[in-house]
Amino acid sequence: MNAIRLYGRYASISLRGQMAYRASFLMQTIGQFLLTGIEFLGIWALLNRFGQIKGWTLPEVAFFYGLISITWSLADAVTRGFDVFAGTVKSGEFDRLLLRPRSTILQLFGHELTLRRMGRLIQGLFVFGFAVAAADIEWSVPRVSLVVLAVAGGVCLFVGLLILEATSAFWTTEGLEVWNAFTYGGVTMSQYPLDIYRPWFRRFFLVVVPLGCISYLPGVAVLGRPDPLGTPVPLQWAAPLAGPIFLLACLQVWRFGVRRYQSTGS
Amino acid sequence: MTRLHLGAYRAVLSARFRMLLQYRAAALAGLWTQIFFGLVLIMIYEAFYRSTTARPPMAFRELVSYVWLGQALLAMLSWNADAEIRAMVRSGAVAYELCRPIDLYALWYVRAIASRTAPTILRALPMCVFAAVILPLVGLGEWRLAAPPTAAAAVAFGATIVCALLLGCALTTLSNITLLWTISGEGAVILLTTCATFFSGLIIPLPLFPDWVQPILRALPFAGLVDLPFRVFTGHLPAAAAASILSRQIFWTIVLVLFGRWLLSRGMRRIVVQGG
């Protein structure tokens, strides 16, 4: 069985398991939809009061908001195995993964294809739909592909971040919440266009953890406005590549971590 | 109430306190995440304030303190049902709770107070040190948590935040009781916590909502959870407003406690213990 078919098998088992609790799944979805919904209502209230933020209007902010929500909920759906990895190490369960004749990364992806962010995904699609309807974008095939590439690059980036979080569990299983600043915090940060932040903060999210490259830069290109930060247009189009590059770097760190892994023995 | 009873509640309180104080590394990690969130929020508000010529309904200085207070007290500002009670209802272990020779409402209320205050005490102090002392030292003085303008404001904040806790725990207990109706209760808890989160000022400070929403916000019980005490702290509301805020908070606490007790007695009559 090749890797893709095996992953398909893992995913379908996981989905069937979750759908066994239909009512609970529905409640969770509605809850998340509402909770992220009020977050966007807050943004609406602020733009209602102030009119704009550094020249960006509500539909434009909604574009960035929708883009990052879709990206994050897709990334979160496939990375549940990395999210709970600290527990896997603590219990010694990771030893079993190492014994199987498949890559550890594949097995962790296969841990669960979770539907718990479905509500957020739906809400993100709604907000993105509103942006598309209201933001006067000149759609073209290249622009649509750029949106898809931005989401794909973003998923790679978040997966990379979660792999880093999981890798740090080899050293310590305490306090892994620090990574939440980059994942959850990064999502909140990316809900607004990057140019509203202070320069040192922007630089960090363009170069170190390149979240700006998978949301802000392609977003500016799709919206068809000149970038207040002055980045050239070709760079905006190439920027989503930062996602897979970041992921490759994170995979190297993971391999290093696995090589020096010592079981807890429990 | 006899002495024995009070002792039982005190034991519940201190046991949960000691349990929650175990997670120090997690608290440190949480502190870093909340600092990050605080900085992002402040930068967003800063951008809004810089791109408007109209006078906003709140000074930037007050808004910044409001944001830091929210981060410092975040562990207290949740009104969701207790995860353990949820698990108890699912597993049927809630039956044991019913057998205890103490008042169930009071037991769950005290539980809520313990689980909201212990993590808050652990997190609030380092957060305040960062926001009030370290930020000015690194040259970000305009982003700092400013002390209350007067001693009276500080006292008023102290009183109103305690009442906010009592009000919040009445809401949490109501959520816990609603869970006795399992699936439909779960839906009610979602609605309740969503409303509380939005209308309390946790998402954005209430004065920033559109003017036409303000009368609705005043009529709801949720402003007493976050917004009113925070505005007293920042000086946006005068310390003299404390009397009316306190009476509002106490009024809504009594309403929620009475409603919760009534609901609990109904829930007891129709309870079906889940599981085997």
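A: Chain A of this predicted model contains 15 helices and 0 strands. Its radius of gyration is 19 Å, which agrees with the value near 18 Å that a compact globule of 266 residues would have. When contacts in chain A between residues at least 6 apart in sequence are considered, 80% of them join residues at least 24 apart.

Chain B is likewise described by helices: it has 11 helices and 0 strands. From the N terminus on, the order of its elements is α-α-α-α-α-α-α-α-α-α-α. The radius of gyration of chain B, 20 Å, is close to the 19 Å given by the globule rule for 276 residues, so chain B is as compact as a globular protein of that length. The C-alpha trace of chain B spans about 65 × 45 × 35 Å along its principal axes. Buried residues account for 43% of the 276 residues in chain B. Among contacts in chain B with a separation of 6 or more, 79% are between residues 24 or more positions apart.

The confidence of the prediction should be noted before the details. The complex receives an ipTM of 0.91 and a pTM of 0.90 from the predictor. For chain B the mean pLDDT is 89, and 94% of the residues reach 70 or more. Within chain B, confidence is lowest in helix 1 (residues 3-20), at a mean of 73, and highest in helix 10 (residues 227-234), at 97. Where pLDDT is low, predicted coordinates should not be read in detail.

The part requested is the largest nonpolar core, which has 149 residues. The members that touch the most other members are A:Val61, A:Tyr65, A:Phe158, A:Val159, A:Ile163, B:Ile44 and B:Val232. Helix 9 of chain A (residues 141-168) supplies the largest share of this core, 14 residues. Leaving aside residues up to four places away in sequence, A:Val159 touches A:Ala75, A:Val78, A:Thr79 and A:Leu247.

A:Tyr192 counts as buried because it has 25 C-beta neighbours inside 10 Å, and 20 or more are required. Residues up to four places away in sequence aside, A:Tyr192 touches A:Ile53, A:Val61, A:Phe64 and B:Ile44. A:Tyr192 and A:Phe63 are 129 residues apart along the chain, yet 9.0 Å separates their C-alpha atoms.

The contact between the chains takes 28 residues from chain B and 35 residues from chain A. On the side of chain B that touches chain A, helix 2 (24-50) and helix 8 (182-199) are the elements that give two or more residues. Helix 2 of chain B provides the largest share of that side, 14 residues. By type, the residues on this side of chain B are 20 nonpolar, 7 polar and 1 charged.

Other places in chain B are also covered. Helix 3 of chain B (residues 60-72) has 13 residues and reaches 18 Å from its first C-alpha to its last, close to the 18 Å expected at 1.5 Å a residue. Of these 13 residues, 11 are buried, among them B:Glu62, B:Tyr66, B:Trp68 and B:Gln71. B:Ser115 belongs to helix 6 (residues 104-137) of chain B. B:Ser115 is buried, since 23 other C-beta atoms lie within 10 Å. B:Ser115 and B:Met76 lie 39 residues apart in sequence and 8.4 Å apart in space, C-alpha to C-alpha.

Two loop residues of chain A complete the description. Most residues other than glycine have a negative phi. A:Lys54, in the loop between helix 2 (22-50) and helix 3 (58-78) of chain A, has a positive phi near 50°. With 13 other C-beta atoms within 10 Å, A:Lys54 is partly exposed. The phi of A:Asp136 is also positive, near 50°, and this residue lies in the loop between helix 8 (118-134) and helix 9 of chain A. A:Asp136 counts as exposed, with 11 C-beta neighbours inside 10 Å.

Terms used:
Residues numbered from 1 in each chain as written. Chains lettered and ligands numbered in written order. Predicted model: local features only at pLDDT ≥ 70, side-chain atom pairs only at ≥ 80, totals over all residues. Core = buried A, V, L, I, M, F, W, Y, C linked by C-beta atoms within 7 Å. Buried ≥ 20, exposed ≤ 12 C-beta atoms within 10 Å, placed from the backbone. Helix = DSSP H or I, 4+ residues; strand = E, 2+ residues; numbered from the N terminus. Contact = placed C-beta atoms within 7 Å. Nonpolar A, V, L, I, M, F, W, Y, C, P; charged D, E, K, R; others polar. Rg over C-alpha atoms; globule rule 2.2 N^0.38 Å. Expected span 1.5 Å × (residues − 1). pLDDT = per-residue confidence, 0-100.
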